[in-house]
Amino acid sequence: MPRQIVLGNGKVAVALDNRMRIRDFFYPRVGLENHLSGHEFKIGVWTKGKFMWVGDNWSVVMNYLPETLVSRCMAKNSELEIELEVNDAVHNFLDIYLRKLVVHNLTNSKREVRVFFSQDFHIYGVDAGDTAMYEPIINSIIHYKRKRYFLINGLTDQGGGIYQFAVGYKESPSLEGTWRDSEDGILQGNPIAQGAVDSAVSFKLEMQPQSTNTIYYWIACANNLEEAKALNSEVKRIGVEQLLLETENYWSAWVNRQDVDLSILPREITRMFKTSLLIMRTHVDNGGAIIASCDSDALQFNRDTYAYAWPRDGALAALAFDMAGFQEVSRLFFEYCNQVISDRGFFHHKYSPDGSLGSSWHALVDAKGEPQLPIQEDETALALYALWKHYQRHRDLEFIGKVYPKLVLKAADFLLAHRDEKTGLPKPSFDLWEERIGVFTSTVAAVCAALTAAARFAKVFYDSKRQDLLTEAAIQMKEAMLKHLYDKKLGRFIKAIYLDGSRDLTLDSSLSYIFTCGPFEAGDEVAATTMMALANGLWVKTPIGGMARYENDEYYRVSKETQGNPWFICTLWMARWYIARANSMEELTKGLDLLFWVTKHSPPSGLLGEQLDPYTGEPVSVSPLIWSHAEFVIAVYEYLDKHRRISSSTET
Amino acid sequence: MKLCKTDSVPVGEPKQFNIGELEVLVINLKGEFFCLAARCTHAGAPLAEGKLMGDVLVCPWHGSNFRVMNGAVLKGPAEKPLKVYQNTVKEDYLFIEL
């Protein structure tokens, strides 16, 4: 189930699904230690003997307050005649998840309403060894294991705290969990349980006819009991209302300090641009890792998630942050890259946010048992390319000086060494879709860009010998691209050459790298004919539209009637091409139309997933996907830049 | 100071423009332009995202109501009015006085 709302402060990250259930809860790093492990925290309401969890029988609308990282969600149940208005947030610097819940009694009668919150922690992602206990002095529930403490508390505007509570055993045939205990409206008050445990708390409201009352609920996250209690005291002292205001204001100020003039943009595009930056920031760990997605639903299918830092996704997000003027965020990422890059100068497949190696499916030997390098070379290349773009924009030489010896020199040396002397192309590595090994046009384009970037860095550092070597290598590689990967008969680039020498002619959106990474201009004939072939061959011919990833893409394939599902990133590459080749305002509208396509197919909260069902437009696979948001920001920036150039040329 | 072209602010759609760090909200009420501070005086919400109901602007975060013509608070939680900038239209451009 895709996520509708993501919240975070660089240490705590929380994601909610479309039933307002908390589905991912990361602490103390974004992406590391998901304390829910695919489970959920729910809200339930009991009144006049009836109980319902917010879910299927509720009308739920989920959104953000504009330009900030505080949710605004509504849930209405006509049977209970109750409406809930909910704001969720993670405080901008305190490690506290905050929830404000305004309950509307829609009846003309006075009544008692009880609101329930279930907490199904799997601390450290494991269901064993947890303790859940009631703390009577501060009237709260605490879940803990080793160095992770989560303190749950709340207040009502009628002066009450937690009304009833229960902690208990779960996930066994006879003991489903205390959430089940909630459904009679009464919690039994069991004060402690250990092992696989969960908890539930309730708040009681005596409501007047057609009235509203408010409940404040919070979860304080800490490494020990004292810290958790101190945070709890802080919430009580300051008040949830004030903490929410602070958080609203912080993120609004944050997103509005981008130094790009957005005033010519249509409102929907401006909104998505800012939402994208905010959502991207929730996926940046304060240690610099940028995770691909916090959505852990893939756990149910693969027993693994997207909560890893792929250097590719991170590099593109860093590029987007830099374009929008958030260089301090991209700098965090490059510092992280400098820390994790291997001594040989390449990045492995993916990493955990703490810098340790992530899980991988790339083998160290090929089908014949021959050793192979289990990497995607474009990841190393894109990090170097993004670093150059960062420097070009911000000129922070002192920072570059710190990462130059490792992130630039070692990576550049690797890219030079990992070349086939005969062809001048890079040696084989895995493609950006992480499926096949070979020499891919997209990878070659990225490596060309990285060699050029490294040559420019060498010039900055007055290393002319290295500059010449790298420049020469980039030129030779571009020539080799044309010689080996451009098919004159087809009039376009091909996808790849495999280890056995076979040529893969599949139309693949990743060929867009030939101009997005810059070895070719968008208007160069070889780029134009390739992009036209993609536009003609991969546009999904259903009412939903959008660009498929490649011909006969089987990943989450919905129908054999289309080439594949539409992907946001692929559609945005096409938008970028239309924008790049536009010479007039009229031509520029083609790119704008595709930006509108993106906004049209996003949910109200603005989260962009990976792909869409080609018939229903529903998200497929994870959502959000940070790469999709990064490509949107890049495309909008390029649109603004081109708009400005065309405007000024028209004026003169 | 030149702020924007008048045709870039459609009737009934508040739009924000920035001059350096100054954020100005422009509202076109049936051809008449009003320029106000772009942030709610309560908690800093972006008023360009607010709803316009007649000549009343509703804050998108907590629902404060402001009179477009003079920035006055009609409904809280905001307590302070919005700053209003005088403006003039010359040859399809909107100019404001700072």
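**View 1. A:Ala75 stands opposite A:Leu84 in strand S9 of chain A.** This is a predicted model, in which local features need pLDDT of at least 70, side-chain atom pairs count only at pLDDT 80 or more, and totals for chains, interfaces and linings use all residues. Residues are numbered from 1 along each chain as its sequence is written, and chains are lettered from A and ligands numbered from 1 in the order in which they are written. Strand S8 (residues 71-77) of chain A pairs with S9(A) in the antiparallel sense over five bridges; pairing requires at least two bridges found by DSSP. Strands (E, at least two residues) and helices (H or I, at least four) are DSSP runs, numbered from the N terminus. Four residues lie between S8(A) and S9(A) in a hairpin, and A:Glu81 in the turn has a positive phi of about 55°.

**View 2. Nine bridges join S9(A) to strand S10 (residues 96-105) of chain A.** The two strands run antiparallel, and a hairpin connects S9(A) to S10(A) through five residues. A:Glu83 stands opposite A:His104 in S10(A).

**View 3. Helix H7 (residues 327-340) and helix H9 (residues 397-417) of chain A have axes that come within 9 Å.** The axes, lines fitted to C-alpha atoms over the stretch in contact, cross at roughly 30°. H7(A) and H9(A) are therefore roughly parallel to each other, a term for angles under 35 degrees, taken between N-to-C directions on a scale from 0 to 180 degrees. The contact (C-beta atoms, placed from the backbone, within 7 Å) is made by A:Arg331, A:Phe334, A:Cys337 and A:Asn338 of H7(A) and A:Phe399, A:Val403, A:Lys406 and A:Leu407 of H9(A).

Key
Parallel < 35°, antiparallel > 145°, perpendicular 65-115°, else oblique. Contact = placed C-beta atoms within 7 Å.
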